[in-house]
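Subject: Structure handover

Hi there,

Here is the structure I promised to pass on. Have a look at it first, and my notes follow below.

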Amino acid sequence: MLNIIAKAEQNHDLSKDEIVKLLATDEYNQELFAAADRVRKRFVGDEVHLRGLIEFSNICKQNCLYCGLRRDNHRLKRYRLTVEQIIDFARKAKSYGYKTIVLQSGEDSSFDVPTMQHIIREIKALDMALTLSIGEKTREEYAAYKEAGADRYLLRIETTDKALYEALDPGMSFENRMRCLRDLKELGYEVGTGCLVGLPGQSLESLADDILFFKEIDADMIGVGPFIPNPDTPLHGEKGGTFTLSLKVMAITRLLMPDINIPATTAMESLDPNGRIIALRSGANVVMPNVTEGEYRQLYAIYPGKICINDTPARCRSCITGKINGIGRKVSAGYGYRQKKKIG
Ligand code: SAM
Ligand code: SF4
Ligand code: FES
């Protein structure tokens, strides 16, 4: 097993079999995490990029079985921020020193193209990088957001197992998800994707396929998080993913994709109180603190136990800076675009 880790650290290449072997044993986890940490340091350095996350609407027309925002969850009080609120939160995030805004929401059609373009232009006028995470759209819509100035897009493939994807995301098609990722790449976005770990019916082989898929499409960012069962969804009785397996998928992704941006995800910290710091020491180099204010934090209830729901943007900013400095790393003053390096 140690030779597989050494090979990945040196060549950034593994076969599916080798990935499955790594995922199947916990005996060499510390060696795996240490190797991913070295690769992170060598390729993307010690700086941590902060992205200020605005969760601007929890209204969604989709019905993903795992997600608390799904349209059939009638227990959730719904909200959408006004355009002014969104721009105001972005302005405040800038005053806290953020260089990137991530706008995330359910698939809420009331934010039409002209509205999104207006929001994008206003935020870009603040001299910030802008990431969108608003789901599946047409190529024309993606082109319109790009034209207005959006820089990056996050759209997790969730799982590369087509049958599992279509079972868990009723009414959505795997082909369309792939089409979205392809369009985003072609339109010149920095593209982030990723997967959920521990979905019912997901195998280690399937997780290995996910990692190889990330590499194949040359994603610029990869977010890996445990699936956390939500009591208000059809998957309420499921076991969910573990912190350790999620961390391993993330660490192997770093070994194979040394120069990309990898967030220490909020869902990881929701399972382990020190989850993001452990992730930052196992290959991650990005954190996405919440800059949404007030009750909206609680209402963006994707899964239970979400961190920071009673905190303020100011508190999260100083909390995360303290934690990052506490492990001898520092918050980046740059925009944090992917710096492509020669691999190998
Ligand atoms: N609607 C957009 C989309 O689906 O791409 C963006 C918002 S969606 C809430 C963001 C991510 O939340 C999804 O890509 C999914 O991986 C994650 N998510 C949904 N339900 C989850 C759960 N129960 N546990 C952990 N993560 C979950
Ligand atoms: Fe909607 Fe995204 Fe949740 Fe699916 S994962 S229900 S698209 S918010
Ligand atoms: Fe929100 Fe620590 S990041 S309180």
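Let me start with ligand 2: by class, the shell around it holds four nonpolar, two polar and one charged residues. Here Ala, Val, Leu, Ile, Met, Phe, Trp, Tyr, Cys and Pro count as nonpolar, Asp, Glu, Lys and Arg as charged, and the others, Gly among them, as polar. The residues around ligand 2 are Cys 60, Gln 62, Cys 64, Cys 67, Leu 69, Arg 70 and Gly 106, where being near a molecule takes a heavy atom within 4 Å of it.

Please keep in mind that this is a predicted model, with pLDDT of at least 70 needed for local features and 80 or more for side-chain atom pairs, while totals for chains, interfaces and linings use all residues. Residues are numbered from 1 along each chain as its sequence is written, chains are lettered from A and ligands numbered from 1 in the order written, and side-chain values use heavy atoms, without hydrogens and water.

Next, the strands. Helices (H or I, at least four residues) and strands (E, at least two) are DSSP runs numbered from the N terminus, and two strands pair if DSSP finds at least two bridges between them. Strand E7 (residues 221-226) has six of its six residues buried, that is, under 20% relative accessible area with a 1.4 Å probe and protein chains only. Met 221, Gly 223 and Gly 225 point one way from E7, and Ile 222, Val 224 and Pro 226 the other way. Strand E6 (residues 190-197) pairs with E7 in the parallel sense over six bridges, and Leu 196 has Gly 225 as its bridge partner in E7.

An open sheet is formed by three strands in the order E8-E1-E9, with parallel pairing. Its edge strands are E8 (286-287) and E9 (330-331), each of which pairs on one side only. Strand E1 (residues 47-50) and E9 share two bridges; Glu 47 is partnered by Lys 330 in E9.

E1 also turns up in the largest pocket: this strand and helix H3 (29-44) each supply at least two residues of the lining. Which residues lie closest to the centre of that pocket? Of the 15 lining residues, they are Val 44, His 49, Gly 336, Tyr 337 and Gln 339. The lining divides into four nonpolar, seven polar and four charged residues.

Best wishes

How values were computed: Buried < 20%, exposed > 50% of the residue type's maximum accessible area, 1.4 Å probe, protein only. 1 Å grid on protein atoms, 1.4 Å probe; cavity = no way out; pocket = protein on both sides within 12 Å on 5 of 7 lines; lining within 4 Å.
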